[in-house]
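Morning, everyone. Let me put the next model on the screen, and then we go through the numbers.

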Amino acid sequence: MSTAAIVMLIISILTVWGGLGLALVNLQRHPEDDTRMPEEHAPEL
Amino acid sequence: MSNLPHPKGAPPAKPPREMWSTRKVFILAAIGSAVGLGNIWRFPYVAYENGGGAFIIPYLVALLTAGIPLLFLDYAVGHRHRGSAPLAYRRLTPKAEGLGWWQVAICFIISIYYAVIIAWAGMYMIFSFTEAWGDDPQGFFLGEFLEVSENVNIGFDFVPNVLIPLVIVWALVLLVLAAGVQKGIGRANIIFLPLLLVMFLILVVQSLFLPGAADGLDALFTPDWGALTNTGVWAAAYGQIFFSLSVAFGIMVTYASYLKRKTDLTGSGFVVAFANSGFEILAGIGVFAAVGFMAFTAGAEVGDVAGAGGIGLAFIAFPTIISEAPLGALLGVLFFGSLVFAGFTSLISIIEVIISAVQDKLGMGRVKTTWIVGIPLALISILLFPTTTGLNLLDVTDAFVNNFGIMACALVTVLLLTYAFRKLPLLGGHVSDVSSIKLGLGWRILVGILSPIVLGYILISELIKKIQEGYGEMPTWFVGVFGWGMVVALIVVALVLSLIPWSSKSAANDPVLDAPNKKEVSK
């Protein structure tokens, strides 16, 4: 493999999987609020 | 939940709307829907033909500027108005109901042929053990397996090799859907998605150890920076992101409608979008490592054996690779198994759009609606596609409904919501109220200005190309009826369905499920 191809392979993996990693960290920092169950806010239930 | 005292004292008239138990289940189901056949057999080729390694730049730009913003738009409509696509759009504004029916009609057509490809992949998983295609995979696929007729028309000459697995696919998918949102769709995704990931990871590792794999990756990742000045490359990136994320399809509207009131929509959406792209990159590596091996054994250049992806890659190129590779049967089971699982979770989501719409419209229970929708759907699919003429029908329908239908629907949706109904501030505000990452003016610009420009450009270029060049070597009448005709028919059907009044039993008469305002949320 050429150097340019290896560099682009690494950049592609880092940006996309890095993006997934960041998205997962963001989600973990905002846990689901179990105190707000649907019936509290959904009058139809 | 029905045992809980009703907040207003009166017992609920009907069971409450189904819901995901946690947002994790929703995220898995949304990833299961987004990760489909296109991730495995479309992305690697789009990247290869549009700048190789340099393609990652327009790809990421398209993901962030159109894919994710449009995904949030779908989430906003479904979550705020808590209904199937037609009902959610109707609640947004009654004039928008037709958009929902248009999406339902598109899902109807796609589901009847998508199931067929899963049936083929299932059979090829079995064929992998014996390498049933011998030394002529193309002749086997078109001749012995599909028995493709030379006549391009609609026939009823059934092929048992396809008919039997297709009946099984329909039986399984309808059983999952009849079990409901959480117990059926949620559970299927909790099982199949990790299984798909593990199988595909093993496939990638196995492919990487094949001789010639490095040449394949070299062909895929060597950047052609000149491609970045080509508008066609940018259009390809936006097209890939658009098709891959399943936006403007009714699926994400429907899935988001089953979320709890207070759910981090943007946080979940970023995970879904990047997981989908992460799988695409993985597929690119796996597929091109295998294609590199194919070139190595043929003593040819990667470009000469790469082909064009799609059905040709899966059912002609891959069998060739399986025959030559060490542990070929394992490679075959992993590849075709991945297609089956990726396709199955996507098929579930496509049919759920229809079931959910009919359920809301008729006010019936889940099981009854599944059979009312599923049996006719399965019968049409079984009647038209496992025949000697099924391949041509599948080819034309896919090229037109998938390309024009979805693209046109997306374009009309963003234009109407932005300029005619002016609902973007309301929808963006709703998402911001419940989410970790807020949507402001930037999101409205991306959805209301950039997306229509890009979608319009891709749609018009495709339209000109198809009008000037026709479609393959198909007869004009066949393309006219099942290609162009189908695209127009779907719009007419959508308009007619939106004129049918909602009965007193329908979900339209449930209390108006407006978004909780800030006061309510902070209680």
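In chain B, 85% of the contacts with a separation of 6 or more join residues 24 or more positions apart. Contact here means heavy atoms within 4.5 Å. This is a predicted model: local features need pLDDT of at least 70, side-chain atom pairs count only at pLDDT 80 or more, and totals for chains, interfaces and linings use all residues. Residues are numbered from 1 along each chain as written, chains are lettered from A and ligands numbered from 1 in written order, and side-chain values use heavy atoms, without hydrogens and water.

Next, overall form. The C-alpha trace of chain B spans about 75 × 50 × 45 Å along its principal axes.

Now burial, meaning under 20% relative accessible area with a 1.4 Å probe, protein chains only. In chain B, 60% of the residues count as buried. For chain A, with 45 residues, the figure is 33%.

What about the core? The largest nonpolar core has 202 residues. Such a core is a set of buried Ala, Val, Leu, Ile, Met, Phe, Trp, Tyr and Cys residues joined through side-chain atoms within 4.5 Å. Among the members touching the most others are Trp20(B), Tyr75(B) and Phe315(B). Trp20(B) touches Phe26(B), Ile185(B) and Tyr258(B), among others, not counting residues up to four places away in sequence.

Terms used. Buried means under 20% relative accessible area, exposed over 50%, partly exposed in between (1.4 Å probe, protein chains only).
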